[in-house]
Amino acid sequence: MIRTTVPTSVRKGTALLGIAGLFVLAGCSGTDDAETPNSTGSTPDAGSSSSSSGGDSTGTYADGTYTAEGSYQTPETVEEISVTLTLADGVVTDVEVTGDPQAPESKQYQGQFIAGIADEVDGKALDDLNVSRVAGSSLTSGGFNKAVESIKEQAAS
C-alpha cells in the first residue's frame, strides 16, 4: 500500500479556494432568469373600494383585497403559492399565503414562510415589499415577490 501525505499548505489552499467558490456561487443564487414565469390571476374582491390612495408608498393604489399567484424553482420541482393582500392607503393591512407543495421539503419551508410572513409585511407600504428570507425559507420568497408585482399592477389606479 502506497501512502502519500498532502502538505498542510496545499490542504489549506484547497480549503480557501473551496470557500471562495462558495461565495461566488452564493452571489449567483438570487437571479430570476432561471425561474418559471408566474401566472397571475384574480381581480379585486367585489367589496373593495375604488378610491385612490396615497399613503407613504411611491405608487398610488386602490384600497381593496387582491390575489395573485407566484411560482419559484426548487431543486426538485416548480412550486406555486397564492398571495392575498389587503391594502388601505397603499399599506398592507392583511396578508394570506396558501401553497400546494409538491415536494416534502417544500411543505416544510412553505409552512415556515406562511407562519412568518405577516410579521414581515403587515403595516408596510406595498412599494416597500421585497422579502428575501422568512423563517428560514428563501426560495418561497421568490414566488411571493412575483405575486406582489402582479398585485401592484392590479391595484394601480
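1. Helices (H or I, at least four residues) and strands (E, at least two) are taken as DSSP runs and numbered from the N terminus. The model is predicted: local features need pLDDT of at least 70, side-chain atom pairs count only at pLDDT 80 or more, and totals for chains, interfaces and linings use all residues. Residues are numbered from 1 along each chain as its sequence is written, and side-chain values use heavy atoms, with hydrogens and water left out.

2. Ala-115 lies in helix α2 (residues 104-121). With a relative accessibility of 64%, Ala-115 is classed as exposed (exposed means over 50% relative accessible area, buried under 20%, and partly exposed in between, with a 1.4 Å probe and protein chains only). Its C-alpha atom is separated by 9.9 Å from that of Glu-96, 19 residues apart along the chain.

3. Helix α3 covers residues 140-155.

4. Ser-141 belongs to helix α3 and is buried, its relative accessible area being 3%. Neighbours within four places in sequence aside, Ser-141 is in contact (heavy atoms within 4.5 Å) with Phe-113, Val-131, Ser-132 and Arg-133.

5. Ser-150 is also placed in helix α3, and its relative accessible area of 6% makes it buried. The C-alpha atoms of Ser-150 and Ala-68 are 6.3 Å apart, although 82 residues separate the pair along the chain.

Conventions. The expected span of a helix is 1.5 Å times one less than its number of residues.
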